[in-house]
Amino acid sequence: MPWTVRLQLRALEAGVDATQRRDGTINRFLFSLLADRQAPANPARPDALGVRSVDVTVDASTAVRARVYFSSAETEPSPRPVIVYFHGGGFTYFSAATRPYDALCRTICRETGAVVMSVSYRLAPEHRFPAAYDDGEAALRYLATTGLPAEITVRADLARCFLAGDSAGANIAHHVAQRWTAAATPPPIRLAGLLILAAYFGGVDRTESELALEGVAPIVNLRRSDFWWKAFLPEGADRNHPAAHVTGEAGPEPELPEAFPPAMVVVGGLGPLQDYGRQYAAMLRRKGKEVRVVEFPDAVHAFYFFPVLPDTGKLVAEIKAFVGSIGPEPVA
């Protein structure tokens with residue numbers, strides 16, 4: 001791993017540790033100074049990739065916002081697929097404007113040709129479960145009722161809507177997909193696929209990868225993870241709560257509606273959450289769902305923050321292939 005990446009990972013860890021208070025709250029002002037540089041939207045002029053972005057309010061009652069990316073360099077007149085992205089951060093940190101997420105969503109937009117909506121959902125502990133899931137549904141309702149902002153000059157194919165997320169955002173993507181398909185929501189939105197990157201699920205019993213990589217892997221360790229779950233879950237709940245534990249080892253498996261979409265599950269071989277990713281994929285298969293597991297044996301958690309890492313480019317290529325493999329017609 002390049003020394004520059006190691007240094008950035010250490011800085012992020014220091015920022016997280018310095019801002020987690022003993023009472024379970026977070027010093028957000030300090031975190032913004034230490035570890036959360038923000039990127040502005042660029043609605044008027046495309047960036048070097050030919051991508052423009054617009055900030056929108058998806059729910060006025062909660063002030064939840066999203067950043068919508070679209071490629072203005074393409075001349076393809078056909079409607080574009082839509083990827084609704086949920087950032088990671090243990091439910092407690094970051095936003096759509098956080099620089100690594102802004103850069104990642106721009107790259108995904110450019111490489112896939114999709115319209116990407118990155119949601120700045122409400123953060124814990126100020127907003128516990130189920131606020132983040134509610135905000136994810138609100139983003140889909142916004143698309144269904146309002147459509148794309150007027151500044152966006154391309155058409156969206158809402159019958160090819162993908163939910164994507166990394167870490168805690170992958171958890172949100174799963175639960176929003178489960179809710180949306182269970183509600184039998186009418187068109188125009190059809191969930192065509194799930195992109196699950198380094199999923200943040202949990203359980204009271206530690207997994208082998210959590211124990212084996214404790215003190216070795218960056219970002220996610222047991223102490224930080226316990227802080228994040230305590231901040232997000234309802235007061236008094238443990239990690240076997242259905243929001244955290246979805247794979248059936250410590251309780252009933254989730255009910256997945258027939259319309260629950262096919263998934264691509266990305267697993268990093270040097271990430272403590274890797275066992276949860278594989279367990280999640282196995283659960284989907286037991287439920288009869290289509291799932292593709294993509295493994296990066298040498299990838300740490302949040303490797304996609306760093307474009308210099310070869311696995312980041314490979315991940316974007318896998319995302320492009322997955323999105324391109326699913327057409328506008330419902331999957332049989």
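**Exercise 1.** Which Phe and Tyr residues form one aromatic cluster?

*Solution.* The structure is a predicted model, in which local features need pLDDT of at least 70 and side-chain atom pairs count only at pLDDT 80 or more, while totals for chains, interfaces and linings use all residues. Residues are numbered from 1 along each chain as its sequence is written, and side-chain values use heavy atoms, with hydrogens and water left out.

Begin with the pairing rule: rings of Phe, Tyr and Trp (its six-membered ring) pair if their centres lie within 6.5 Å, and planes under 30 degrees apart count as stacked, over 60 as edge-to-face and the rest as tilted. This rule gives 21 aromatic pairs. The cluster consists of Phe 31, Tyr 85, Tyr 93, Phe 94, Tyr 101, Phe 296, Phe 303, Tyr 304, Phe 305 and Phe 306.

**Exercise 2.** Describe the salt bridges made by Asp 102.

*Solution.* A salt bridge requires a side-chain nitrogen of Lys or Arg within 4 Å of a carboxyl oxygen of Asp or Glu, and the whole structure holds 21 of them. Asp 102 meets Arg 67 at 3.1 Å, N to O, a pair that links helix α3 with strand β2 (residues 64–71) across 35 residues. Asp 102 also meets Arg 106 at 2.8 Å, N to O, and here both residues lie in helix α3, 4 residues apart, about one turn of the helix. Asp 102 has a relative accessible area of 5% and is therefore buried; Arg 67, with a relative accessible area of 5%, is buried, and Arg 106 is buried too.

**Exercise 3.** Is Arg 278 buried, partly exposed or exposed, and what does its side chain meet?

*Solution.* Arg 278 has 30% relative accessibility and so counts as partly exposed. Arg 278 forms a salt bridge with Glu 295, the closest N and O atoms being 3.0 Å apart, and Glu 295 is likewise partly exposed, at 37% relative accessibility.

Methods
Helix = DSSP H or I, 4+ residues; strand = E, 2+ residues; numbered from the N terminus. Buried < 20%, exposed > 50% of the residue type's maximum accessible area, 1.4 Å probe, protein only.
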